[in-house]
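Here is a short report on strand pairing and salt bridges. The sequence and structure come first.

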Amino acid sequence: MSVASQELNTGMPRETGRPRAERPDLPEESRARSPRARQNVSESERAASAAIGGALALYGIRRLSWGWLAVAAAGGVLLKRGLTGHCDLYERQGINTAGATDALEDKVRAMMRETIRVRKTLTIDRPAYELYHFWRNLENLPQFMKHLKDVRTLDAWRSHWVARGPAGISVEWDAEIVDDRENELISWESVEGSHVENEGSVRFHELGDGRTEVTVRMRYEPPAGKIGAGVAKLFGEEPRQQMEDALREFKTLMETGEHAVTEVP
């Protein structure tokens, strides 16, 4: 009887070569090459790397210059890090945040966190009540804050903000007013769970003769922490300069009714 017939009759395949129990395990380096074994980046880091890397790669390629192609290449490295979950730098330094516990994830976020604080003061030749009421209608803010695409009022206290991020990325969050003193102060902060944690205030100090000192304070944590802050600076999105430009535009708009800078479409 043939071997094939024996297999059909017994229902068991014919054993060939070395018995299964005696076969050696895969070498350590072979197991290390498997995708799961090589992952050394946490899920939160992967998401941030993929988002920022993809934006950098796309923006750099569109600029069609050697300098921006280098930016695109850097974006490609970040994108690969996000998609594969593997970081060569981490591997060389013996760091592995994949499958991290909540405590370790929090520690990584704390290490990556970048808190940016801005304070600017400017004198405007308009009365405080006029400046306050213009600012209090938050939908007016994109008129002089060119990094804002849109602010939409949701109710008397809450609003939805859309900002221009680096490489054409749009960043959105909800905020609520936490302190409102007519003709004196407006304070707001992002609601819990927002992608961009931020808070700010604008104070109007009447100087007399129709002049007002305006002081703006802001604090925010950019998406992806230090990486996000570095990318923003790379694209000229320096927050302190943004606020200085916004206040100068606000002054011109309120004093003359015209815009000091070309509006961003």
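## Salt bridges

Aspartate 125 is partly exposed, at 43% relative accessible area. (Buried means under 20% relative accessible area, exposed over 50%, partly exposed in between, with a 1.4 Å probe and protein chains only.) Aspartate 125 forms a salt bridge with arginine 211, with 3.5 Å between the closest N and O atoms. Aspartate 125 sits in the loop between strand S1 (116-124) and helix H8 (128-136), and arginine 211 in strand S7 (residues 211-221), so the pair ties together parts 86 residues apart in sequence. Arginine 211 is partly exposed too, at 36%.

The structure holds eight salt bridges, each a side-chain nitrogen of Lys or Arg within 4 Å of a carboxyl oxygen of Asp or Glu. Another of them joins arginine 136 and aspartate 180 at 2.8 Å, N to O. Arginine 136 lies in helix H8 and aspartate 180 in strand S4, so this pair links parts 44 residues apart in sequence.

Strand S5 (residues 185-190) has five of its six residues buried. Helices (H or I, at least four residues) and strands (E, at least two) are DSSP runs, numbered from the N terminus. Strands pair if DSSP finds at least two bridges between them.

S4 (residues 170-181) runs antiparallel to S5, joined by six bridges. Isoleucine 177 has tryptophan 188 in S5 as its bridge partner. The two strands form a hairpin with three residues between them, and asparagine 183 in the turn has a positive phi of about 65°. S5 also pairs with S6 (residues 197-208), antiparallel over five bridges. There, serine 187 stands opposite serine 201.

## Basis

This is a predicted model: local features need pLDDT of at least 70, side-chain atom pairs count only at pLDDT 80 or more, and totals for chains, interfaces and linings use all residues. Residues are numbered from 1 along each chain as its sequence is written, and side-chain values use heavy atoms, leaving out hydrogens and water.
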